Amino acid sequence: MTSQIRFLMCAPNHYDVDYVINPWMEGNIHKSSQERAVEQWEQLHHILKEHAIVDLVPPQKGWPDMVFTANAGLILGNTVVLSRFLHKERQGEEPYFKQWFEENGYTVYELPKDLPFEGAGDALLDREGRWLWAGYGFRTELDSHPYLAKWLDIEVLSLRLIDERFYHLDTCFCPLANGYLLYYPPAFDSYSNRLIEMRVQKEKRIAIAEADAVNFACNAVNVDHIVVMNKASEALKARLADTGFQVIETPLTEFLKAGGAAKCLTLRVTEPVREELHANVSVESRIIRIEGHLLDSGLINRALDLITDNGGSFQVLNFLLGEQRQSTSAAEVKVSAPSHDVMESIISHLIDLGAVDLPQDERDAKLEPVTQAGVAPDDFYVSTIYPTEVRIKGEWVKVQNQRMDGAIAITQSPKGLTAQCKILRDLEVGESVVVDVQGIRTIRKTESREQRNAQEFSFMSAGVSSERRVELVVEQVAWELRKIRDAGGKVAVTAGPVVIHTGGGEHLAQLIREGYVQALLGGNAIAVHDIEQAMMGTSLGVDMKRGVAVRGGHRHHLKVINTIRRYGSIAKAVEARVINSGVMYECVRNGIPFCLAGSIRDDGPLPDTEMDLIKAQTEYARLLKSADMILMLSSMLHSIGVGNMTPAGVKMVCVDINPAVVTKLSDRGSVESVGVVTDVGLFLSLLVQQLQKLTSPYTAKVS
Ligand SMILES: NC(=O)c1ccc[n+]([C@@H]2O[C@H](COP(=O)([O-])OP(=O)(O)OC[C@H]3O[C@@H](n4cnc5c(N)ncnc54)[C@H](O)[C@@H]3O)[C@@H](O)[C@H]2O)c1
């Protein structure tokens, strides 16, 4: 024995794999050899005794995992925070460990019931004593971290574990002497990795490979320059030797079957206190309320998943279940996050789901002035597609011009206060912008499944439809188009050149002619190839009647562009009878406004193509205003652009052959959007046929 360092161990008299509470135990029930386990434990005990004092706690029958003393509690100086095991299979160990700590003169703190914390398995002191690394995600709750900070009077840095094989912090993270750190980065989320990188300089971080990680190389015991572990690769041993550490390998394979190794089998009971350091914890908690058809619509599951997926943890404080099928439920959930930034991100996602931050009911939104035109203050709230309200001077004010990815600008005029979504470049000095996430709520429709099914757009709300269901979708879209037209509503179409290449041009032209389209948005290409077809019978050089490429046809579209440029505009070419059919022809003839937004790919461009993108975006937004439905036809670029400008509540139908594009657009969480994965030419042809069948929406409904 060379130092005054002490460890607590527990002999493996009753050790066995009796149950499964981690992935390592699966398939290993009663597969460990008692004899080998004793031999391996004794070997570890022997090694440690050469470098430190080892105390023993008596093993207890019926508690096979008591051998893993790391989970007894967390010690700093004379204080211990006793573990509160998550699984009942280990909870019976608590009184025995408590007794040992009390008998040995420690002051024991106990966490509230139902707040799991698994001791030094999930909380590791920096070996310089500067702070405590605390894990959460599988066994320990994030909410226990503030208690550790308070009772041990130390800064706590919370790390989130995301790989269930590394369910305790000490399975993938091992602070070493002189500020070194041995760890397996993929076991942590990106926020935690950033935190580690901020606190431990690059030269001191020893990141290990998966092969070493699964041999529990991080589950090591460090005493000065000695690192005791189950097994290490030659590369790891060399890397540690370079930094002055000597690896002592001692096989612990019998304990690996239960998901533990050297570190798990020991608890360091002499952890010196640094008097000059004090408590500090960045964990934040807030209480949110969420209401609606929480179970039926899956909203509560989505909210809780969202909290954990974004690095937080939760506790459901109240759940008031609606008594009738149609009545709504309400839940109050305590959300905890390891930092203010993470909390803001979680809360802004929850706001999107319609949740309200409870104390914020009484708090106004935070505002900051715009000091530079076109630039929002840092930390500005990024708007979503959902109708939003902000609380200003005690009043909830509805936000105008709702759209995604904008800032909420507040202006005070003699007429009163207005809140509106603005894109960054439109922000003006003198306006204020909503920052942070307080005093903001979104109004979400949380219909029950039955209510949603009763709506006409119903079955589409299930999301992306498969090929088999295309005809059914077409029927619904046709019905909707007819209804909107008869009511004098507005349908905007955004389309790419594939509409023309697939033969859909004539059908789209017919829709325009028959009054089903009130605005057309697209790029240079839809117009170029439509006019190419009208003037030369080809689309991108392919004869549209025979389906074969025409010699020299690849130049057709350039000739067309040249001709239209000579006339000065598409409208003038229509007037001069150079264009006599097609999509653009029908737009001009029927006075349907269109906007062609330029792109880097454009040939020409046509004189009508707006190459100033800011102007094009403004014109798109103008044409989309008060649309009842948007048909997005095979243009990823323009459809996504339009999607971002559109508030929830506008029905969107996205047709594309690529499921990923359709999913991206219909996945905005809005029940009104539907994706159709099919050929756009086929879709348009079916749509026109279907519309012809509908003599009148009312006769169709009655029959
Ligand atoms: N000559 C030109 O000037 C020229 C030519 C091409 C594109 N452009 C410009 O480039 C930009 C992007 O072009 P884009 O919108 O065509 O490309 P895009 O890649 O944004 O979208 C094309 C979409 O069509 C889908 N698609 C392909 N075949 C389909 C089919 N049979 N049925 C249904 N969907 C199908 C694809 O999956 C894709 O999502 C536009 O602004 C356009 O005007 C210019």
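Two residues are said to be in contact if their C-beta atoms, placed from the backbone, lie within 7 Å. The structure described here is a predicted model, in which local features need pLDDT of at least 70, side-chain atom pairs count only at pLDDT 80 or more, and totals for chains, interfaces and linings use all residues. Residues are numbered from 1 along each chain as its sequence is written.

The C-alpha trace of the chain spans about 100 × 65 × 55 Å along its principal axes. Its secondary structure comes to 23 helices and 37 strands; helices (H or I, at least four residues) and strands (E, at least two) are DSSP runs, numbered from the N terminus. Of the 703 residues of the chain, 46% count as buried. A residue is buried if 20 or more other C-beta atoms lie within 10 Å of its own, exposed if 12 or fewer, and partly exposed in between, with the C-beta atoms placed from the backbone. Among contacts between residues at least 6 apart in sequence, 69% join residues at least 24 apart.

The domain assignment divides the chain into domain 1 (6-273), domain 2 (282-361), domain 3 (364-437) and domain 4 (455-526 + 581-597 + 610-702). These bounds come from an automatic or database domain assignment. The C-alpha centres of domain 1 and domain 2 lie 33 Å apart. Contact between these two domains involves ten residues of domain 1 and eight residues of domain 2. On the side of domain 1 that touches domain 2, the elements that give two or more residues are α4 (145-152) and β8 (155-160). The residues of that side divide into four nonpolar, two polar and four charged. Here Ala, Val, Leu, Ile, Met, Phe, Trp, Tyr, Cys and Pro count as nonpolar, Asp, Glu, Lys and Arg as charged, and the others, Gly among them, as polar.

In soluble globular proteins, nonpolar side chains tend to be buried together. A nonpolar core is taken as a set of buried Ala, Val, Leu, Ile, Met, Phe, Trp, Tyr and Cys residues joined through C-beta atoms within 7 Å. The largest nonpolar core has 89 residues, and those with the most contacts inside it are Leu-132, Cys-218 and Ala-220. Not counting residues up to four places away in sequence, Ala-220 touches Cys-174, Leu-182, Val-227, Val-228, Met-229, Ala-262 and Lys-263. Another core, of 73 residues, lies apart from the largest one and includes Val-474, Ala-478, Val-583 and Leu-691.

The ligand is surrounded by 24 residues, of which the closest are Gly-496, Gly-523, Ala-525, Ser-634 and Ser-635. The elements that give two or more residues to this shell are α15 (524-536) and α20 (636-645). By type, the shell divides into nine nonpolar, ten polar and five charged residues.

Helix α15 has 13 residues and reaches 18 Å from its first C-alpha to its last, close to the 18 Å expected at 1.5 Å a residue. The expected span of a helix is 1.5 Å times one less than its number of residues. Twelve of the 13 residues of α15 are buried, so the helix is largely enclosed by the rest of the structure. Among the buried residues are Asn-524, Ala-525, His-529, Asp-530 and Glu-532. The helix is followed by Gly-537, whose phi is positive, near 75°.

Most residues other than glycine have a negative phi, and most peptide bonds are trans. Asn-401, in the loop between β23 (395-400) and β24 (407-413), has a positive phi near 50°. Asn-401 is partly exposed, with 18 other C-beta atoms within 10 Å. Ser-626 also has a positive phi, near 50°, and is found in the loop between α19 (613-624) and β35 (629-633). With 9 C-beta neighbours inside 10 Å, Ser-626 counts as exposed. The peptide bond from Gly-604 to Pro-605 is cis, with omega near 0°. Pro-605 is placed in the loop between β33 (594-597) and β34 (609-610).

Tyr-106 lies in the loop between α3 (94-103) and β5 (107-109) and counts as partly exposed, with 18 C-beta neighbours inside 10 Å. The C-alpha atoms of Tyr-106 and Gly-77 are separated by 8.6 Å, while the two residues are 29 residues apart along the chain. Not counting residues up to four places away in sequence, Tyr-106 touches Ile-75, Asn-78, Thr-79, Val-80 and Phe-101.

Methods. Near = placed C-beta within 6 Å.
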